[in-house]
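User: Could you walk me through how to read the fold and the packing here?

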Amino acid sequence: RLVAAAVIATAAVIGTAGCGAKQEQQPAQTNQSNGADEGKENESSAEANTAKTADGEVTEIEFWHSISGQLAEKLDEMVDNFNNTVGKDKNIKVTTVYQNWPGTDKLVTVMQAGDVENHPDVIQIYGENMNIVRDYERMVWVEDYINNSSSSIKKEDLVPNAAEAFSIDGRMLGAPLTLSTLMLYYNQDMFDAAGIVNPPATIEEMAADVAKLMKKNGDTVEVYGLNVCPNSYELNSWIAGQGEVSYFGNNESGRKAPMTEVTLDENNTLDNFLTEWDKVIQTGGLKYQVDNMNEEFANGQHAMVIMSSARIKIMKELIGSKFNWAVADLPKVKESDCGGASVSGGGLFMIDKDDPKRLEASWEFVQYCLSPETQLFWSQNTGYVPVNRLTYELPEMKSYLEGEPELKLSLIH
């Protein structure tokens, strides 16, 4: 257990510098990346029919992202929609460029080289990687733009936790694009066969269910009760969920100032988790390796998996009518935990390349991505939770949620 504690604490330092208690790592696109070639720069597919100004100039900007597979196709469609509407009206063309996950390696390279020309104009950065750019002089604070009277998007329009996830000391450095939370996906048919009435509310209950759901042939596990490998994303959710002020490290895990030390081993939150998690390990029904979690769950190889709520739409397509399944809240460490669910996601960050026109174009694009209508499109086509509160008031969103009970449950968070 001491070894496990050391490993997890190390992961916390690496994976959560700059993280707040309510913001986690975006789940890796392990099972969604077949459609993207790593390291290859992919332009948005459609030609932007951009009307030129009197001087004949169109402002072109680059948007770097690390979204792959089916989600990347929808992202390109969203960018195409911008180019053919707002972009056409304002003479702006956005080109998407794929970067290997987590999407910041090339940015760090050009930052260190002072290669301004090869910087992106807008880049998707996951919340836990904000520490990479928080003090970079070319970063443009979204707070300064969203509070401008001319902004079509207001800070109060955004889901509070989403805005907080990309803020430093209360000021937005980036703007949220994707929003999700960890959930328990479970095979309802397997639960019924095992006589389990309700999904587990705590890790201890989950351990008991894993023992009932696991199926073995001799010494070989044929059906695992649970598949998950706790990394910084999962661990941060279980640490933050234990209390309203449970942080990984000092300075509110880097939210007030750079995090310089880990504190989760001082407030017993790590020990609490390890004590409960050991009960899951002892069942022998846990698969630690995450290979093809989506497909394996869809094929009935696991009774339960823990994944982002953003996987709901993908799982519906993979499972189809094979079996009945559902989602539930992430089991708590202890029944008395009151910290609530943690949100995760990627944000849009703007970079100043010494060209006011490009910066203005970047903000137009960010506003478009945050608009209620665009967030409706993004949610319906990806499964991500809208970051704009006004999206939930749209008749189309209300109608959509009526047919998506799994996604509706994730909105409670």
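User: What share of the contacts with a separation of 6 or more joins residues 24 or more positions apart?

Analyst: Contact means heavy atoms within 4.5 Å. In this predicted model, residues 24 or more positions apart account for 77% of the protein chain's contacts with a separation of 6 or more. Residues are numbered from 1 along each chain as its sequence is written. Local features need pLDDT of at least 70, side-chain atom pairs count only at pLDDT 80 or more, totals for chains, interfaces and linings use all residues, and side-chain values use heavy atoms, leaving out hydrogens and water.

User: Which residues touch the most other members of the largest nonpolar core?

Analyst: In soluble globular proteins, nonpolar side chains tend to be buried together. A nonpolar core is a set of buried Ala, Val, Leu, Ile, Met, Phe, Trp, Tyr and Cys residues joined through side-chain atoms within 4.5 Å. Here the largest has 47 residues, and Phe63, Met78, Val94 and Phe365 touch the most other members. Helix α14 (residues 356-370) gives the largest share of this core, eight residues. A separate second core has 34 residues, including Val223, Leu270, Phe273 and Leu330.

User: And what does Phe63 contact beyond its neighbours within four places in sequence?

Analyst: Its partners there include Leu75, Val94, Val122, Leu348 and Phe365.

Methods. Buried < 20%, exposed > 50% of the residue type's maximum accessible area, 1.4 Å probe, protein only. Helix = DSSP H or I, 4+ residues; strand = E, 2+ residues; numbered from the N terminus.
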